[in-house]
Amino acid sequence: MKLHRARRMAAIATAIAALIPLTSGGSLAGTRTDDAAAMAPVRSATNVEARVNALLSRMTLDEKLQQIELLGGSQATDEDARKGVGTVYGVTDPNQIDHLQHVAVERSRLHIPLLFSFDTIHGFRTVFPIPLGAASSFDPNVAAADNRFSARETAAVGIKQIYGPMVDISRELRWGRIAEGAGEDPYLGSVFAAARVKAAQGRDYSAPDKVVTSPKHFVAYGQPEGGRDYNTTDMSEQRLRNVYLPPFKAAVEAGAGTVMCSFNDLGGSPGCANAHTETDILKHEWGFDGFVESDYTAISELRACPPKTPDEGPCGHGVAADGPDAAALALNAGTDSEMVSTNIRDYGKQLLSQHRISMSRIDDAVRRILRVKFRAGLFDHPYIDPSKAEAAQLRPDAVAAARDAAARSMVLLKNDGGTLPLDPAKSTAVIGPLGDDKHDVLGPWAGAGRDEDAVSVYEGIKAQNPKTTFTQGCQIFDRYPPDNTPDDVCGSDADFDKAVTAAKAADQVVVAVGEARGQSGEAGSRSDLDLPGRQQQLIDAIKATGKPFVVVLFNGRPLTLSKVAAAAPAILEAWFPGVQAGNAVADVLFGKVDPGGKLPVSFPRSLGQVPIYYDHEPTGRPCDPKAMWNSRYRDLPYCDPLYAFGYGLSYTTFDVSAPRLSATTMRAGGSISATVEVRNTGKVRGDDVVQLYLHDPVASISQPVRRLRGFQRVTLAPGETRTLTFRLDKQDVGFYDNSGRFVVEPGTIDVYTGDSSTADRSASFQVTKG
């Protein structure tokens with residue numbers, strides 16, 4: 001059978017070479033409508049369009065509707081592949097992928113290859129830190145390394161599209177999927193979005209180690225009402241454009257080939273039926289020429305309940321009466337590919353005959369899908385060698401990069417009395433439910449990662465300090481609702497005595513606590529952000545021993561840590577670090593790596609402060625805990641978060657100078673530079689992140705109290721000084737108004753520099769007209 005397939009493909013290639021003459025410029029000399037012309041090698045962008053058009057002209061309506069369909073792996077059959085279904089999601093077995101691809105290419109009428117897709121969010125087999133953790137590095141190279149190796153491993157099994165990066169900005173800490181993004185700030189999120197897209201796709205995502213990306217979820221999915229996943233979102237046009245759209249725009253400008261629309265509605269219009277965002281902004285305003293796929297059953301969810309035609313499946317938004325209505329609404333709004341549900345495929349002919357959709361819109365959707373497939377090289381190299389797929393996984397360079405990424409992503413929140421770094425010569429007790437854990441440390445959306453690939457905290461510390469013991473204290477079980485119970489996460493204190501005994505017997509203690517990995521991520525909304533279960537009581541019991549100890553946190557979102565901070569002399573935020581969790585934690589705890597990460601999201605003192613974020617708009621009565629008639633909580637004696645955006649300690653200290661501006665004025669169309677000096681004022685080598693913020697005091701629309709517009713992570717020896725220069729232009733001082741216009745207004749701009757969002761060294765310049 002393999003020999004027969006090889007001969008057939010060789011014959012097709014020979015026919016292509018004979019039938020498709022090329023001009024010297026590499027474009028088609030003439031447009032052909034046969035199958036061989038459509039499969040000609042890609043030579044240029046012009047050639048891609050010619051091949052797309054040639055193939056599209058040969059397709060029947062049924063074949064076009066099949067291309068629009070995106071089936072889940074459990075749905076896809078040989079018959080679907082033979083009929084020309086467009087995309088298959090969620091299959092990771094290279095043998096199954098290879099089989100379905102051979103059916104699609106060799107047994108379908110037009111030989112159109114399948115596009116295989118998967119949620120590679122922070123690693124495929126080599127699991128990197130969750131994206132929220134990676135953002136804490138304030139180093140886009142960390143995100144780039146993740147996506148570069150993730151693409152290599154994903155492509156090796158035959159998956160050519162990843163549903164990522166997740167670029168939703170979120171100020172809603174109860175929302176579990178904050179773990180998958182870069183936090184609360186649109187500038188930081190944009191830098192990381194672009195870095196991930198460029199690393200995964202490269203300059204040409206047809207390369208064998210590259211994939212096409214699909215930034216998600218378009219748009220404003222990260223700000224659901226009440227923090228409940230999939231819930232409604234409502235906001236002004238200026239907030240949408242100034243906060244939630246920028247990372248998507250950065251991803252598209254970086255070359256993202258596809259985009260995923262969101263579950264949530266935005267101002268009453270669901271993401272996958274929102275013509276304003278999908279067509280007006282994404283396709284027309286930004287010039288996006290790839291395709292938009294729906295999220296899982298999102299088109300069926302447009303229907304009112306109970307579901308009609310078909311009389312089953314998801315429903316709820318109530319903007320469509322039935323399946324045909326939902327299909328027309330989504331397609332006309334700009335959704336090009338339907339995931340899992342089959343409304344467009346099933347009712348497309350009916351809708352066309354009723355003039356509720358047009359052939360031109362169907363052709364546009366199919367053209368976009370085919371364009372991505374040609375650019376991905378699938379028509380020229382549709383197959384992978386399944387026998388080589390495993391060899392591409394967990395290679396030493398990827399594992400080393402994951403260890404480095406995890407260490408650079410950690411944030412030192414507290415370090416009283418120089419508790420850290422620990423002494424590797426002293427006996428160490430690792431205590432806590434996540435101390436010898438290899439499952440939860442991988443975090444949500446762990447790709448094809450396996451628990452056995454991970455290094456636990458106990459293993460990592462013991463490798464660097466043989467005098468290390470482990471006592472669990474209590475257990476964590478990662479169970480999903482409705483099967484979970486309150487006792488799943490440290491529900492018993494029965495073994496606390498053993499933990500206390502172990503702590504007393506050691507010179508120093510590491511307490512590993514946090515969330516189960518399923519408590520963050522999709523459908524991981526929480527109404528309480530304290531440490532789950534009795535983990536705080538475990539910390540208090542260790543404190544009572546009088547031994548020096550550090551709390552190491554594993555979690556996918558900010559937690560309310562006031563009680564932890566009151567008890568622990570040192571706190572290290574490790575997030576969910578991935579396969580090299582234990583080694584990276586040990587590297588930081590023993591001082592091999594300076595914990596130079598900074599928080600990409602604010603940590604509240606109390607759940608009642610949520611949402612809390614640094615770049616909030618001002619008010620005429622700002623919060624003042626010493627007064628009554630202002631924007632404060634009656635029962636809280638403070639206004640600020642426990643740990644602010646951009647905050648993070650080091651094993652050394654730094655001084656960041658006030659900014660020196662290159663001029664005192666900047667024309668609206670010009671630029672200005674700000675120079676900053678940072679000096680290591682401590683005794684050891686360490687990392688700091690220099691941050692630059694702007695504030696526009698007087699504007700036609702009230703502006704945030706400050707906005708991040710530059711950052712750079714540096715490593716300095718004791719006494720070393722580094723000079724950094726940041727360039728500012730209209731993109732930094734301008735903003736979108738409520739009519740969707742980008743405006744740059746004359747006036748004063750304040751510049752702040754430091755190493756957190758509370759930076760207080762400043763200078764000012766004037767923006768002038770012209």
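Predicted model: local features only at pLDDT ≥ 70, side-chain atom pairs only at ≥ 80, totals over all residues.

Reader: How far apart are the C-alpha atoms of G546 and N415?

Author: Along the chain, G546 and N415 are 131 residues apart.

Reader: How confident is the predictor, and where in the chain is confidence lowest?

Author: The average pLDDT of the chain is 94, and 94% of the residues score at least 70. Over residues 1-43, however, pLDDT stays under 50, and for that stretch the model has 67 contacts beyond four places in sequence. Confidence is highest in strand β16 (residues 570-573), at 99, whereas the lowest value, a mean of 37, belongs to helix α1 (residues 2-19).

Reader: Is Q535 buried or exposed?

Author: Q535 lies in helix α19, which covers residues 535-543. Leaving aside neighbours within four places in sequence, Q535 is in contact with P433, I476, V489, C490, V513 and G514. The relative accessibility of Q535 is 0%, and because buried means under 20%, Q535 counts as buried.

Reader: Which backbone oxygen lies 2.8 Å from a polar atom of the side chain of Q535?

Author: One of the residues in contact with Q535 is G514. At 2.8 Å from a polar atom of the Q535 side chain lies the backbone oxygen of G514.

Reader: Which elements are included in what covers the buried residues of α19?

Author: The buried residues of this helix are Q535, Q536, L538, I539, A541 and I542. The cover over them includes β12 (428-431), α18 (496-505), β14 (508-514), β15 (549-554) and α20 (562-567).

Reader: Which residues of α4 are buried?

Author: Helix α4 spans residues 61-68 and is mostly covered, with six of its eight residues buried. Those buried residues are E63, K64, L65, Q66, Q67 and I68.

Reader: Which residues touch the most other members of the largest nonpolar core?

Author: In soluble globular proteins, nonpolar side chains tend to be buried together. Here the largest nonpolar core has 119 residues, and a second, separate core of 37 residues includes A320, L351, A365 and F379. Not counting residues up to four places away in sequence, F554 touches a list of residues that includes L434, V441, V457, W575 and F576. The residues of the largest core that touch the most other members are F554 and L589.

Reader: How many aromatic pairs does the whole structure hold, and what is the angle between the planes of F218 and F248?

Author: A search of the whole structure finds 19 aromatic pairs. In one of them, F218 and F248 are edge-to-face at 5.1 Å centre to centre, and this pair links distant parts of the chain, with F218 in the loop between β5 (212-213) and α10 (237-244) and F248 in helix α11 (residues 246-253), 30 residues apart. Both F218 and F248 are buried. The angle between their planes is 75 degrees.

Reader: Why is the pair of Y230 and F263 edge-to-face?

Author: The centres of the two rings, those of Y230 and F263, are 5.2 Å apart. Y230, at 35% relative accessibility, counts as partly exposed, whereas F263, at 7%, counts as buried. Planes over 60 degrees apart count as edge-to-face, and the planes of Y230 and F263 are at 90 degrees.

Reader: Over which ring does the charged end of R706 sit?

Author: The charged end of R479 sits over the ring of F477, 4.7 Å from its centre. For R706, the charged end lies 4.0 Å from the centre of the ring it sits over, which belongs to Y752.

Reader: What is omega for the peptide bond from C305 to P306?

Author: Most residues other than glycine have a negative phi, and most peptide bonds are trans. The bond from G164 to P165 is cis, with omega near 5 degrees. P306 lies in the loop between β9 (291-293) and α13 (323-333), and the peptide bond from C305 to P306 is also cis, with omega near 0 degrees.

Notes. Residues numbered from 1 in each chain as written. Heavy atoms only, no water. Helix = DSSP H or I, 4+ residues; strand = E, 2+ residues; numbered from the N terminus. Buried < 20%, exposed > 50% of the residue type's maximum accessible area, 1.4 Å probe, protein only. Polar contact = N/O pair within 3.5 Å; in protein donor to acceptor, adjacent residues only side chain to side chain. Contact = heavy atoms within 4.5 Å. Phe/Tyr/Trp six-rings, centres within 6.5 Å; stacked < 30°, edge-to-face > 60°. Lys NZ or Arg CZ within 6 Å of the ring centre and 35° of its normal. pLDDT = per-residue confidence, 0-100. Core = buried A, V, L, I, M, F, W, Y, C linked by side-chain atoms within 4.5 Å.
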